[in-house]
Amino acid sequence: MKQDILIIGGGVAGLSAAAHLAPHATITLLEAESATGYHTSGRSAALFEEHYGQVSTIALNRASRSFLETQDGGFLSPRGFMLVGMEGQDKAFDDDMAVMNLDEITADQACSIIPVLNHDVITRYGHATGAQDIDTDRLMQSYTKIMRSHGGQIITNARVESMSRTDDRWQVIAGGNSYTADVVINAAGAWASQIARMAGAQDICIQPYRRSVARIPAPLGLDVSGWPILFGPGETWYAKPDAGALIISPADEDPVEPHDAWAEDITLAEGIASYQEVVTEDVTRVTSNWAGLRSFAPDRNLVLGFDSLAPGFFWCAGQGGYGMQSSPATGQLVADLIIGHPPEIDAEIISRISPARFD
Ligand SMILES: Cc1cc2nc3c(=O)[nH]c(=O)nc-3n(C[C@H](O)[C@H](O)[C@H](O)COP(=O)(O)OP(=O)(O)OC[C@H]3O[C@@H](n4cnc5c(N)ncnc54)[C@H](O)[C@@H]3O)c2cc1C
């Protein structure tokens, strides 16, 4: 008989787990908001960069590539990556060059790619073509479609308020209704520690950090669609083409309580100032802005696996800044571990991300 599985959270983590589990189990996904993808998953920079993240994240990024390239015609399109360094930034620049596998290029080469770079202040340029854009809306729609085609359901406006376990089944109260299940998956993003406390599960601190984004018109009205994402050394800021405009992030990481995040003007100004320093054109207008919560465990590895204290309680949390690009492999691993299929992911990686490391 198929297991009943409740998934708490309708971001990319919950949706991907739902899609991968739905052929094998009866899935109900509970989402507190009126729509899925409302919080962090609707606010990402939508980049796939295989070399970005912890060793465990990189393994999951790699294992995600084939799904992202082939499912439903693929979700990736070319973007590329450029790193620009100024005087005094050599150490951080060299570290990024090594980690991100970048080639050093000349000022002329860089200018032929991004014509507004200020060569009077930039001293070094790194470049690679591997980074890609992810069509994140379509990716989440695809997970939803797969889940629904196997009979899974999504219930919105269903904020989980309490949980208890009797006779080997979970009882969950959400949005005034009661649900029961063999297994509960904690995919509540920034709220994952709160959900764990309700279940009497391990006390793992999943800390949300705010990251802000400003959108500005394309400089000089240029066609920026072919520009790579532009990074400051040590992930101090970035700028990325987005729908004919540029989005700029100060790459902020302010620890906050879980909430509906918004950007502060002062933080956005810092990001714009960093970008402004390396380009020749002034930023005159911000057309919109937003913020999202990147949530990390203390060691910055994902937390994925059955809880050590609460039976039938499964963690899928702490995706940090990589939850989109790693979501296919993450969802597959959730399904493999719950259904009992041999996982494709290496055992060493599975133990690095297991909640058991916090026992
Ligand atoms: C500015 C920014 C840029 C980013 N750029 C990238 C990028 O380029 N590439 C990349 O791969 N990743 C990126 N990320 C990270 C990525 O967006 C996240 O890792 C991912 O979206 C996390 O997904 P999630 O499902 O865990 O969380 P969320 O999307 O936040 O979903 C959690 C859901 O749980 C629900 N929930 C919470 N509590 C309850 C409850 N009690 N009952 C029911 N539901 C509940 C919430 O309403 C929410 O919808 C970025 C993030 C930010 C903020």
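This is a predicted model: local features need pLDDT of at least 70, side-chain atom pairs count only at pLDDT 80 or more; totals for chains, interfaces and linings use all residues.
Leaving aside residues up to four places away in sequence, Val 184 touches Leu 6, Ile 8, Met 163, Trp 170, Val 172, Ala 199, Gly 312, Phe 313 and Phe 314.

## Six-stranded sheet

Six strands form an open sheet with mixed pairing, in the order S9-S2-S1-S13-S21-S20. Its edge strands are S9 (153-155) and S20 (303-306), each of which pairs on one side only. From one strand to the next, the twist averages 20 degrees. Helix H1 packs on this sheet and touches strand S1 (3-8), S2, strand S13 (183-186) and strand S21 (313-317). The direction of H1 makes about 165 degrees with that of S2.

In general, the strands of a sheet pair through backbone hydrogen bonds, in either a parallel or an antiparallel sense.

## Pairing around S2

Strand S2 covers residues 25-30 and pairs with S9 in the parallel sense over three bridges. Two positions show how these strands line up: Thr 28 stands opposite Gln 153 in S9, and Leu 29 stands opposite Ile 154 in S9.

S2 also pairs with S1, again in the parallel sense, over six bridges. Here Ile 8 stands opposite Leu 30 in S2; Ile 8 is also one of the residues touched by Val 184. Together, S1, H1 and S2 make a β-α-β unit, which is right-handed.

## Tyr 38

Tyr 38 lies in the loop between S2 and strand S3 (47-48). Is this residue buried, exposed or partly exposed? Tyr 38 is partly exposed, because 16 other C-beta atoms lie within 10 Å; that count falls between the limits of 12 or fewer for exposed and 20 or more for buried. Tyr 38 and Gln 141 are 103 residues apart in sequence, and their C-alpha atoms are 13 Å apart in space.

## Domains

The domain assignment divides the protein chain into domain 1 (3-72 + 135-205 + 299-358) and domain 2 (81-128 + 207-296). The C-alpha centres of domain 1 and domain 2 are 30 Å apart. The contact between them takes 20 residues from domain 1 and 17 residues from domain 2.

## Positive phi values

Most residues other than glycine have a negative phi. Asp 167 has a positive phi, near 50 degrees, although the residue is not glycine. Asp 167 is found in the loop between strand S10 (160-166) and strand S11 (169-174). Asp 167 counts as exposed because it has 6 C-beta neighbours inside 10 Å, and the cut-off for exposed is 12 or fewer.

Ala 243 also has a positive phi near 50 degrees in a residue other than glycine. Its place is in the loop between strand S16 (238-242) and strand S17 (245-249). With 8 C-beta neighbours inside 10 Å, Ala 243 therefore counts as exposed.

Key: Residues are numbered from 1 along each chain as its sequence is written. Two residues are in contact if their C-beta atoms, placed from the backbone, lie within 7 Å. Two strands pair if DSSP finds at least two bridges between them. Helices (H or I, at least four residues) and strands (E, at least two) are DSSP runs, numbered from the N terminus. Axes are lines fitted to C-alpha atoms, for helices over the stretch in contact, and angles run from 0 to 180 degrees between N-to-C directions. A crossover is right-handed if, with the strands pointing away from the viewer, the path from the first strand over the helix to the second runs clockwise. Domain bounds come from an automatic or database domain assignment.
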